[in-house]
Structure formats: structure tokens, C-alpha cells
Amino acid sequence: MPDLLVNLLRLPSLESVLPAVAEAGVVVRRAQTFEITPVRTFVEREFSTAWADEISVGFANKPVSVFIASAENQIIGFAAYECTRRCFFGPTGVAQNMRGRGVGKALLLE
């Protein structure tokens, strides 16, 4: 999967994205260390083992540098930073059936 560049100086505010996401019943929050297995399972199933391995680093960071989006107690997306390199964002992804609803944008902004 190719790298994507995001201009961090032109991001919308989190407050402008969260109402629509929350209205859809989606919760975005920092993952807890005890959630490594379900998050890794989601990432491996929806994306790749390499990305699942990569986010393991984020779970070792203090604080954890992995965020998750969930709906109806199911993980539907994730975003991580400082897993590959210090000050780098990613990997990140949203389940295919949940794309186009602002979940990825909320994860990036969070």
C-alpha cells in the first residue's frame, strides 16, 4: 500500500468531524494496553500482518500511540503514530464497510 501525505497545517478541527461520527454511533479513543490482541486481530484481518506487527510498537509506547474507532462494541478502525519512526503517523485504516463516514478523519485528528 502506498504512503499518503497529509498536510497537517490544513486539517479541520476535531470538533467539526466528531458530531457526525458520534451521531453514527462511533466512538474514537486511545487504545488501552490490554486491547492489543483484539486490535492486532482486526488490523491483521482487515489489512496485513505487517501492519499488525507495526502497531505492536505503539502499544509499547507511553502513552500508547494507537487510537481505535468502535461501533456497537466492535473495532471498525485504527490509527497509530510513532510506530515506524519518531514523529511519523501511521499505519491507519478503517474497515471497508465503514469507509466514507468520517471515521478515518476522526482517527487522524484525534
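How many of the six residues of β2 are buried? In this predicted model, six of the six residues of β2 are buried, and the strand is accordingly described as mostly covered. The side chains of β2 are divided between two directions, with V66, I68 and S70 pointing one way and F67, A69 and A71 pointing the other way, and all of these residues are buried.

The strand β2 also takes part in two pairings. With β1 it pairs in the antiparallel sense over five bridges, and within this pairing S70 of β2 is the bridge partner of V27. With β3, β2 again pairs in the antiparallel sense, here over six bridges, and S70 stands opposite I75 of β3. The strands β2 and β3 form a hairpin with two residues between them, and E72, which lies in the turn, has a positive phi of about 55°. N73, located in the loop between β2 and β3, likewise has a positive phi, of about 60°, although it is not a glycine. With a relative accessibility of 78%, N73 counts as exposed, because the cut-off for that class is over 50%.

The largest nonpolar core has 16 residues, and those with the most contacts inside it are V21, V26, V28, A69, I76, V103 and L107. Two or more residues are given to this core by each of α1 (14-23), β1 (26-30), β2 (66-71), β3 (74-81) and α4 (103-109), and the largest share, four residues, comes from α4. When residues up to four places away in sequence are not counted, V21 touches V26, V28, R101, G102, V103 and A106. A second, separate core has 15 residues, among them V39, W51, V66 and A80. In soluble globular proteins, nonpolar side chains tend to be buried together.

Most residues other than glycine have a negative phi, and most peptide bonds are trans. C87, in the loop between β3 and β4, is a residue other than glycine with a positive phi, near 70°, and C87 is exposed, with a relative accessible area of 65%. Two cis peptide bonds may also be described. One joins K62 and P63, with omega about 0°, and P63 lies in the loop between α3 (49-60) and β2. The other runs from G90 to P91, with omega near 10°, and P91 has its place in strand β4, residues 89-94.

Technical notes:
Residues are numbered from 1 along each chain as its sequence is written. This is a predicted model: local features need pLDDT of at least 70, side-chain atom pairs count only at pLDDT 80 or more; totals for chains, interfaces and linings use all residues. Side-chain values use heavy atoms; hydrogens and water are left out. A nonpolar core is a set of buried Ala, Val, Leu, Ile, Met, Phe, Trp, Tyr and Cys residues joined through side-chain atoms within 4.5 Å. Buried means under 20% relative accessible area, exposed over 50%, partly exposed in between (1.4 Å probe, protein chains only). Contact means heavy atoms within 4.5 Å. Two strands pair if DSSP finds at least two bridges between them.
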